[in-house]
Amino acid sequence: MYSTTGTNPNAGLFDSLKMEPETRFDDEAASWDLNPFTRKSSQLALGTILEKFPEKVGGVRDGIVKKEDGLTVLELGCGTGLLSLLVAPYVKSLTAVDTSEGMIAALKAKFSQSANTHTNIRPICLNLDNPDDPAIQDDASKSPKRFDLCISHLVLHHIPDLSRILRVLYGTLAPGGHICLTDFENFGLDARKFHPEAKMHSVERHGIGKIEMEGLMVDAGFVDVSVRLAFTMEKDVEPEGVMKFPFLVCMGRKSKSVS
């Protein structure tokens, strides 16, 4: 989660932007998981990942978890790990990155709960602006770590420079690696109602656009680019009541011929 407006804690994505941090996401970390909409959207995001990569995502096969055959995953803006914990059983490893210390602390706290047996998650508090950042590297490897899949959910609308973060994600991928990013769609003026006015300072854009994202992904170097409707959710908004919001999934691949 990132923003240039206000004093967002995630606003430090790019040091060159010289943004000041705030505490909104730190303050909301303890209660983040209590929001039914947030929990359900994470479940639908998982369903989208499993649907789009049925032959690539490992996980449970014939009742046996075979993580050794799974993917190495980088999650941008993991928050409290709602999606991380859902994805973990299906992958070899998941590096969960967020710029909010409060969110990462909430995720780490879940590891002490008896119900959580996912030891393949690595939480990192980080402003990711370099594919070779030491924080996401594998100490056992002499070469830069590259991932099979990069995911994010409800993060893109907080990022000031989508072009730059797409290039960063491209750089973190292994040849043939994929991205699968989900966020609500900017379908017009009513898309603004996704957020209450009190939280607008942490919002960079009111959803993402299909044509814009396709162009930015191609410019970043991705091939097999596809931005399409993933699912639709109802959400309580001010003051109308319930509105339907479409969510887009942005998919692309790093060419196998690119190192």
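Predicted model: local features only at pLDDT ≥ 70, side-chain atom pairs only at ≥ 80, totals over all residues.
How many residues sit between strand 8 and strand 9 in their hairpin? I looked, and I counted 3 residues between the two strands.

I followed strand 8 (residues 223–237) next to strand 9 (residues 241–253). Their pairing is antiparallel, with 12 bridges. I picked out one of the partners: Glu 234 is bridged to Lys 244 in strand 9.

**The other neighbour of strand 9.** Next I checked strand 7, residues 173–184. Strand 7 is antiparallel to strand 9 too, and 7 bridges join them. Here I found Phe 184 standing opposite Phe 247 of strand 9.

Which order do the strands take? I read 5-4-3-6-7-9-8, an open sheet of 7 strands with mixed pairing. At the edges I have strand 5 (121–125) and strand 8, each pairing on one side only. From one strand to the next, the twist averages 15 degrees.

**Over at strand 5.** I jumped across to strand 4 (residues 93–98), which runs parallel to strand 5 and is joined to it by 5 bridges. Asp 98 has Cys 125 in strand 5 as its bridge partner.

**Helices on the sheet.** Which strands does helix 2 touch? I traced helix 2 (residues 36–52) packing on the sheet against strand 6 (147–153), strand 7, strand 8 and strand 9. The direction of helix 2 makes about 155 degrees with that of strand 8. Then I turned to helix 5 (residues 162–172), which lies across strand 3 (72–76), strand 6 and strand 7. Helix 5 runs at about 140 degrees to strand 7.

Terms used
Residues numbered from 1 in each chain as written. Heavy atoms only, no water. Pairing = 2+ DSSP bridges. Helix = DSSP H or I, 4+ residues; strand = E, 2+ residues; numbered from the N terminus. Axes fitted to C-alpha atoms, helices over the stretch in contact; angles between N-to-C directions. Contact = heavy atoms within 4.5 Å.
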